[in-house]
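The sequence and structure come first.

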Amino acid sequence: MSLSDAELKGLFTKTGALLTGHFLLSSGLHSDQYFQCALVLSDTAAAERLGRELAARVPPEWKGATIVAPALGGVVIGHETARALGARSLFTERKDGCMELRRGFTLSPGERCVVVEDVITTGKSTREVVSVLKGLGAEPVGALSIVLRAADEPDLGVPLKSLARLPAAAWTTLECVLCRDGLPLVKPGSREKPKAA
Ligand SMILES: [Zn+2]
């Protein structure tokens, strides 16, 4: 049985992953919401469940493909999704800012691959993985993510399937209504623990 949007949001809230407050995003913009996917995945039962959910979204033409996830964010969910599919699970990582397939991982010419991410916002890292796979002669066929943080699907070069769409409000410092209200700005990942949604 597939997870409903309400169940999914319940899972995010329960694990403290979906936060409300006043956040400085990595883009430099401010938002009233932050989604820390690592917190959902720290619950191993939830991680396994989400992997099975993503595996269930895989269309027949993606079946049998190798899972490739960008480190760090994609590694846990990539592994869980691959396990649910009985597929091989690889990851790419950055070296000097460049996405690469390392650790002795190899792909056969024409090997079909699906990119798995935790969160997709602009789709930059997914596009980088797609490009790495093509460069190695493999065939990226699709992408999966737990959450899509954009109102519109970014162009990834492959079709995307996400479990949830949670578009984030993002303002410049000048536009930010929370700055105007004098609310302290929190950089997610910092020591200060924001209030759960
Ligand atoms: Zn602000």
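The model is predicted. Its secondary structure amounts to six helices and eight strands.

**Overall dimensions**
- The C-alpha trace extends over about 55 × 40 × 30 Å along the principal axes of the chain.
- The radius of gyration is 17 Å, which agrees with the value near 16 Å that a compact globule of 197 residues would have.

**Burial and contacts**
- Of the 197 residues in the chain, 38% count as buried.
- Taking contacts between residues at least 6 apart in sequence, 65% join residues at least 24 apart.

**Packing of helix 3 on helix 4**
- Two packed helices are described by the angle between their axes and the distance between those axes.
- Helix 3 covers residues 44-56 and helix 4 covers residues 75-85; they pack at an angle of about 60 degrees, with their axes 8 Å apart.
- Helix 3 is therefore oblique to helix 4.
- The two helices, helix 3 and helix 4, cross in a right-handed sense.

**Residues in the helix 3 and helix 4 contact**
- Helix 3 contributes Ala 47, Glu 48, Leu 50, Gly 51, Arg 52, Leu 54 and Ala 55.

Note on methods
Residues are numbered from 1 along each chain as its sequence is written. This is a predicted model: local features need pLDDT of at least 70, side-chain atom pairs count only at pLDDT 80 or more; totals for chains, interfaces and linings use all residues. Axes are lines fitted to C-alpha atoms, for helices over the stretch in contact, and angles run from 0 to 180 degrees between N-to-C directions. Helices (H or I, at least four residues) and strands (E, at least two) are DSSP runs, numbered from the N terminus. Angles under 35 degrees count as roughly parallel, over 145 as roughly antiparallel, 65 to 115 as roughly perpendicular and the rest as oblique. A crossing is left-handed if the near helix is turned anticlockwise from the far one by less than a right angle, and right-handed if clockwise. Two residues are in contact if their C-beta atoms, placed from the backbone, lie within 7 Å. The radius of gyration is taken over C-alpha atoms; the globule rule is 2.2 Å times the number of residues to the power 0.38. A residue is buried if 20 or more other C-beta atoms lie within 10 Å of its own, exposed if 12 or fewer, and partly exposed in between; C-beta atoms are placed from the backbone.
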